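This report describes selected features of one protein model. The sequence and structure are shown first, and the description follows by topic.

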Amino acid sequence: MSGYGDIKTKNFLNVIKWLASNKGVEIKKGGRHNIKASCIHTGESYPLPTSHRIINKYVLNGFVSWLVKNGICTKEEFDERLK
C-alpha cells in the first residue's frame, strides 16, 4: 500500500493487540485519548483516538511513521496485519 484510507476501529484494535503482545509496545489507558501506545525501548508515546468508529487516514499514517521511527515494526509488517 502506498497510502492508507480510513479503517474501522475494530480492525485497528486487532493490530494494536498484536503489537502489544509481539512487539515492544505497551498500551496505556486514560488521558485525552482513549489509549496511548508507548514504545518500551524509547519511552515515546503516541495517542490513539479509538473512541471513534473510524480511524482517520492521517492518524493511521502518523502511527505507522511512529512505529517505523521507533524500530517497532516495518511498514510491510503493519500492512500484513492490517489486511
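## Helix 2

At the start of helix 2, the backbone nitrogen of Tyr58 has a side-chain oxygen of Asn56 within 2.8 Å. This is a polar contact, defined as a pair of N or O atoms within 3.5 Å in which, within protein, one must be able to donate a hydrogen and the other to accept it; residues adjacent in sequence count only if both atoms are side-chain atoms. The model is a predicted one, in which local features need pLDDT of at least 70 and side-chain atom pairs count only at pLDDT 80 or more, while totals for chains, interfaces and linings use all residues. Residues are numbered from 1 along each chain as its sequence is written, and side-chain values use heavy atoms, with hydrogens and water left out. Helices (H or I, at least four residues) and strands (E, at least two) are DSSP runs, numbered from the N terminus.

The expected span of a helix is 1.5 Å times one less than its number of residues. For the 13 residues of helix 2 this gives 18 Å, which agrees with the 18 Å between its end C-alpha atoms. Leu60, Phe63, Val64, Trp66 and Leu67 of helix 2 are buried. They cover an arc of only 160° around the axis, and therefore lie on the same side of helix 2; the arc is that of the directions from the helix axis to the C-beta atoms. Tyr58 and Lys69, on the other side of helix 2, are exposed. Just after helix 2, Gly71 adopts a positive phi of about 70°.

## Aromatic pairs

Rings of Phe, Tyr and Trp (its six-membered ring) pair if their centres lie within 6.5 Å; planes under 30 degrees apart count as stacked, over 60 as edge-to-face and the rest as tilted. By this rule, there are six aromatic pairs. One of them, Phe12 with Phe63, is edge-to-face, with 5.6 Å from centre to centre and 75° between the planes. Phe12 belongs to helix 1 (residues 9–22) and Phe63 to helix 2 (residues 57–69), so this pair ties together parts that are 51 residues apart in sequence. Phe12 and Phe63 are buried.

Phe63 also pairs with Tyr46: the ring centres are 5.6 Å apart and the planes stand at 55°, so the pair is tilted. Tyr46 lies in strand 4 (residues 45–48) and Phe63 in helix 2, so that the pair links distant parts of the chain, 17 residues apart. Tyr46, like Phe63, is buried. One aromatic cluster is formed by Tyr4, Phe12, Tyr46, Phe63, Trp66 and Phe78.

## Thr9 in helix 1

Thr9 lies in helix 1 and counts as buried, at 8% relative accessibility. A polar atom of the Thr9 side chain lies 2.5 Å from the backbone oxygen of His52. Leaving aside residues up to four places away in sequence, Thr9 touches Thr50, His52, Arg53, Ile54 and Ile55, where contact means heavy atoms within 4.5 Å.

## Cysteines

Which kind of bond is a disulfide? It is a covalent bond between the sulfur atoms of two cysteines. With a disulfide taken as a pair of cysteine sulfur atoms within 2.5 Å, a search of the whole structure finds zero disulfides. Cys39 is in no disulfide, and the nearest cysteine sulfur, that of Cys73, is 11 Å away. Cys39 counts as buried at 2% relative accessibility, and Cys73 counts as buried at 6%.

## Helix 3 and the segment after it

Phe78, Asp79 and Leu82 of helix 3 are buried. Seen down the axis of helix 3, its buried residues fall within an arc of 100°, so they line one face of the helix. Strand 1 (7–8), helix 1 and helix 2 are included in what covers these buried residues. Glu76 and Glu80, on the other side of helix 3, are exposed.

Arg81 is found in helix 3 (residues 75–82) and is partly exposed, with a relative accessible area of 46%. Not counting residues up to four places away in sequence, Arg81 touches Val15 and Trp18. The C-alpha atoms of Arg81 and Ile16 are separated by 9.6 Å, although these residues are 65 residues apart along the chain. Lys83, in the segment after helix 3, counts as exposed at 74% relative accessibility. Its C-alpha atom and that of Val15, 68 residues apart along the chain, are separated by 9.7 Å.

Methods. Buried means under 20% relative accessible area, exposed over 50%, partly exposed in between (1.4 Å probe, protein chains only).
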